[in-house]
Amino acid sequence: MDNNELQRLTENISLQHFNKPFLHEALFNNRLRATGGRYILQSHNIEISTKQYEAFGEAAITEIIKHELVHYHLHIEGKGYRHRDRDFKALAKEVGAPRYCSPLPNRTYKYRYICKRCDTVYPRQRRMSTYRYRCKCGGRLKEEITQQ
Ligand SMILES: [Zn+2]
Ligand SMILES: [Zn+2]
């Protein structure tokens, strides 16, 4: 997944769960290590940890994007956008977003399968056959053993 796909994913999540457009930028940041993502007040942009995506895949960053979009929409509308604010708690609950910015967990998946065609990452705890299984796009997968 690249920045363009991350942008599209964020725009889709915004429309689908918030019924409002995301009009700023969503970017991968490979230096974000303490948290999975962050919302930047000054630029209104959302940054997602590259490491989080590589370790946990698209489903995990979808949750993080939802969380960052709660900050985003509340901040833009001049409402309580901090974790402790009542507006924040209410909207996070409404859209089913995690209440806190997910930290990067210590446990990581043992294997990582990367599509040779579209670069989608599939983290797996167990080894799988790259002959039998392919990417959702039909591309072949490359196996990587992650560092523990
Ligand atoms: Zn947060
Ligand atoms: Zn693919």
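This is a predicted model: local features need pLDDT of at least 70, side-chain atom pairs count only at pLDDT 80 or more; totals for chains, interfaces and linings use all residues.
1. As background, strands of a sheet pair through backbone hydrogen bonds, in either a parallel or an antiparallel way.

2. Now step back to the sheet as a whole. It is an open sheet of 3 strands, in the order β1-β3-β2, and its pairing is mixed. β1 (26–29) and β2 (37–39) are at the edges with a single partner strand each, so one side of each has no neighbour in the sheet. From one strand to the next, the twist averages 20°.

3. Two helices go with this sheet. Helix α1, made of residues 3–18, lies across β1 and β3 and runs at about 130° to β1. Helix α2 (residues 50–76) packs on the sheet and touches β1, β2 and β3, with its direction making about 160° with that of β3.

4. On salt bridges, a search of the whole structure finds 6. One of them is formed by the side chains of E77 and K20, at 2.9 Å from N to O. E77 sits in the loop between α2 and α3 (86–95), while K20 sits in the loop between α1 and β1, so this pair ties together parts 57 residues apart in sequence.

5. Next, the domains. The domain assignment gives domain 1 as 3–95 and domain 2 as 111–145. Their C-alpha centres lie 26 Å apart. Where they meet, 6 residues of domain 1 are in contact with 6 residues of domain 2.

6. How much area do domain 1 and domain 2 bury between them? The value is about 440 Å², with 46% of it on carbon and sulfur atoms. Y53, E54 and E58 are the residues to look at on the domain 1 side: they supply 69% of the area that domain 1 buries against domain 2, more than any other three residues.

7. Finally, the polar side of this interface. Across the interface of domain 1 and domain 2 there is 1 salt bridge, and 1 residue pair is found in polar contact. Do look at E58 and K136 too, whose side chains meet in a salt bridge at 3.6 Å, N to O.

Methods:
Residues are numbered from 1 along each chain as its sequence is written. Chains are lettered from A and ligands numbered from 1 in the order in which they are written. Side-chain values use heavy atoms; hydrogens and water are left out. Two strands pair if DSSP finds at least two bridges between them. Helices (H or I, at least four residues) and strands (E, at least two) are DSSP runs, numbered from the N terminus. Axes are lines fitted to C-alpha atoms, for helices over the stretch in contact, and angles run from 0 to 180 degrees between N-to-C directions. Contact means heavy atoms within 4.5 Å. Domain bounds come from an automatic or database domain assignment. Buried area is the accessible area (1.4 Å probe) that two parts lose on being put together, summed over both. A salt bridge is a side-chain nitrogen of Lys or Arg within 4 Å of a carboxyl oxygen of Asp or Glu. A polar contact is a pair of N or O atoms within 3.5 Å; within protein, one must be able to donate a hydrogen and the other to accept it, and residues adjacent in sequence count only if both atoms are side-chain atoms.
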